[in-house]
Amino acid sequence: MGLRTGRQYLDSLRDGRQVYLEGHRVDDVTADPRLGLTAQTVAELYDMQHDAKWRDTLTLPGPDGERMPMACMQPRTIEDLARRRAAMKVWADATCGLFGRTPDFMNLGIATLAAASHVFDQSASGRNFAANVQAYYEKVCREDLTMTHIQVNPAVDRSKQVFQQTRDIALKIVKETDAGFYVNGMRLVGTLAQFANEIVVMPSVVVANDDKAGDYAFAFVTPVAAEGVKIISRPSVVPQNPGHFLDHPLSIQYDEGDAVIVFENVFVPWERTFIFRDPAMCNAIYKQTFLAEHYSHQTMTRALAKAEFMAGLACKMAAATKVDSFPNVQAQLAELLIFVETQKALLMQSEQLAMPTGFGTVAPSKMTLHAAQLHFYDRYAKMIDAVRTIGAGNLIGVPSYAELSGEIGPLVSEYMATATMEADERIQLTRLAADASFSAFSGRQALYERYYQGDPVRKVCSYYFEYPKDELTGRIDRLLESLGEKARRLSS
Ligand SMILES: Cc1cc2nc3c(=O)[nH]c(=O)nc-3n(C[C@H](O)[C@H](O)[C@H](O)COP(=O)(O)OP(=O)(O)OC[C@H]3O[C@@H](n4cnc5c(N)ncnc54)[C@H](O)[C@@H]3O)c2cc1C
């Protein structure tokens with residue numbers, strides 16, 4: 001089939017999927033006023049793959065000669081990582097880094113699993129799944145699919161294991177047949193679920209190594225439109241009946257949607273299964289496949305695009321009314337520019353420190369990427385704060401862009417111009433800054449940065465445990481030894 005056009009992607013979403021939003025089932029996500037423009041945003045990304053300007057950056061020839069998305073590449077060298085990053089940056093820049101789960105995120109995830117597919121043949125269940133992972137990878141690349149992924153069990157009682165819950169609502173295996181198995185229950189959170197073709201159900205984070213956890217320990221893939229799959233969306237942050245598109249340009253285009261997904265006795269054929277009743281494999285899989293490293297290569301590329309967008313926005317806002325002539329504002333802007341450079345440096349360094357995986361590919365440095373990631377949500381909060389404080393009262397004093405063409409247009413043109421900008425540009429810029437810094441959309445963005453890849457509290461603990469500290473502590477040992485020797489020499 002090869003690379004899809006935006007039109008083909010939009011057509012693929014009209015498949016009878018069960019998407020629920022604000023109390024009603026959505027008949028056609030591409031035509032819904034709260035979802036349609038996001039679908040359009042993804043379609044535009046697909047069209048970019050066909051644009052002569054981007055084709056060679058965004059795509060590469062696949063094994064069958066047809067071109068496939070660059071994120072399907074299985075990187076074998078540092079240069080491959082840089083090439084993949086360049087592709088991911090193009091889509092991230094096209095969406096100001098505000099669209100977390102562009103399709104490259106999960107394409108790269110499946111390519112990573114496939115490169116390590118042998119791991120899936122070492123199952124405690126005795127079944128071999130490597131061929132399934134490989135076949136799915138080939139399908140995803142050949143059909144240029146969009147996927148969402150879900151790996152978190154519902155929050156009922158977080159102090160207990162999933163199999164000890166008083167309400168047994170987490171997604172679990174309920175029946176096994178010769179052809180496959182049935183699952184029932186819920187998982188969260190599927191970002192982009194309303195706009196995806198497929199759901200990748202990944203192992204939930206930390207499954208107890210206990211037989212009782214077996215029913216909850218699996219990985220599989222299923223179409224979004226599979227019978228029994230219900231996508232229950234959070235309320236939309238897209239303003240309805242806005243005065244003008246330019247008042248909320250980010251909210252309107254980039255609300256990628258988050259949803260919990262309920263599976264009502266959904267059938268999963270064996271050929272779509274990656275892990276089955278295997279807590280040990282669920283816990284090992286991220287490490288053995290280097291999935292966390294590769295995921296973070298995409299997310300930190302996107303974070304760089306976002307940092308650049310926010311820094312550019314803050315600088316432009318400051319220049320609009322010349323508040324960048326004040327040292328306090330200069331310091332605040334410099335801090336954002338330092339964030340950009342730090343992010344860039346960490347991303348590039350992660351590639352330079354790439355390690356062979358042992359199965360022909362390379363993985364960027366996890367410690368470097370996770371350092372970037374664990375800092376980013378704090379830095380992002382500071383960026384939002386900088387746009388707010390630099391924008392200050394302007395953010396609410398500047399009216400709708402629609403006023404320019406309304407009854408009081410000439411008045412607004414006169415009063416909204418600044419020392420450096422005509423009213424048209426100033427209003428457009430300020431509404432963009434307001435959308436990026438204090439809209440419902442921007443609040444969701446901040447929450448996303450904190451949690452999209454797991455709980456930062458527990459991630460920081462893992463960072464401490466996984467960091468190769470011996471080299472550092474060894475230095476302290478040697479220093480203590482030499483100080484002791486020196487002290488003995490001095491006292492003798
Ligand atoms: C906008 C957004 C998009 C997301 N997109 C996706 C997605 O596409 N796919 C996906 O799979 N997931 C996604 N997630 C889910 C994300 O992975 C989870 O939010 C994250 O793992 C944290 O889990 P939780 O939200 O259930 O919080 P909980 O686990 O319920 O934690 C709530 C609070 O309690 C604390 N806490 C809970 N348990 C412990 C513990 N054992 N030790 C110490 N502290 C604890 C946490 O630190 C946290 O502050 C998304 C989340 C958000 C907010």
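Helix α15 contributes the most to the shell around the ligand, with four residues. The views show a predicted model, in which local features require pLDDT of at least 70 and side-chain atom pairs count only at pLDDT 80 or more, while totals for chains, interfaces and linings use all residues. Residue numbers start from 1 along each chain as its sequence is written. Helices (H or I, at least four residues) and strands (E, at least two) are DSSP runs numbered from the N terminus.

View 1. The ligand is surrounded by 20 residues, the closest being V189, T191, Y448, Y451 and V457; a residue is counted as near a molecule or strand if its C-beta atom, placed from the backbone, lies within 6 Å of it. Two or more residues of the shell come from each of β5 (147-150), α15 (440-451) and α16 (456-466). By residue class, the shell comprises nine nonpolar, five polar and six charged residues. In this classification Ala, Val, Leu, Ile, Met, Phe, Trp, Tyr, Cys and Pro are nonpolar, Asp, Glu, Lys and Arg are charged, and the others, Gly among them, are polar. Domain 1 (6-287) and domain 2 (290-454) each provide at least three residues of the shell.

**View 2. The contact between the two domains.** The chain is divided into domain 1 (6-287) and domain 2 (290-454), with bounds taken from an automatic or database domain assignment. The centres of domain 1 and domain 2, taken over C-alpha atoms, are separated by 26 Å. Across the boundary, 37 residues of domain 1 are in contact with 39 residues of domain 2, where contact requires C-beta atoms, placed from the backbone, to lie within 7 Å. On the side of domain 1 that touches domain 2, α4 (78-94), α5 and α7 (249-254) supply at least two residues each. Helix α4 gives the most to this side, with eight residues. This side of domain 1 consists of 19 nonpolar, eleven polar and seven charged residues.

**View 3. The packing of helices α5 and α6.** The axes of α5 (residues 104-115) and α6 (residues 130-143) come within 9 Å and cross at roughly 145°. Axes are lines fitted to C-alpha atoms, for helices over the stretch in contact, and angles run from 0 to 180 degrees between N-to-C directions. In α5, residues N107, I110, A111, L113 and A114 meet V133, Q134, Y136, Y137 and V140 of α6. The residues of this contact divide into eight nonpolar, two polar and no charged.

**View 4. The sheet of six strands.** This open sheet has the strand order β2-β1-β10-β11-β7-β6 and mixed pairing; two strands pair if DSSP finds at least two bridges between them. Its edge strands, β2 (24-26) and β6 (172-176), each pair on one side only. From one strand to the next, the twist averages 20°. Strands β6 and β7 (residues 180-187) are antiparallel and share four bridges, with I173 opposite V183 in β7.

**View 5. The sheet of four strands.** The order in this open sheet is β5-β8-β9-β12, again with mixed pairing. Strands β5 and β12 (273-276) are at the edges with a single partner strand each, so one side of each has no neighbour in the sheet. The average twist from one strand to the next is 20°. Strand β9 (residues 218-223) pairs with β12 in the antiparallel sense over three bridges, and A219 has I275 in β12 as its bridge partner.

Conventions
Two residues are in contact if their C-beta atoms, placed from the backbone, lie within 7 Å.
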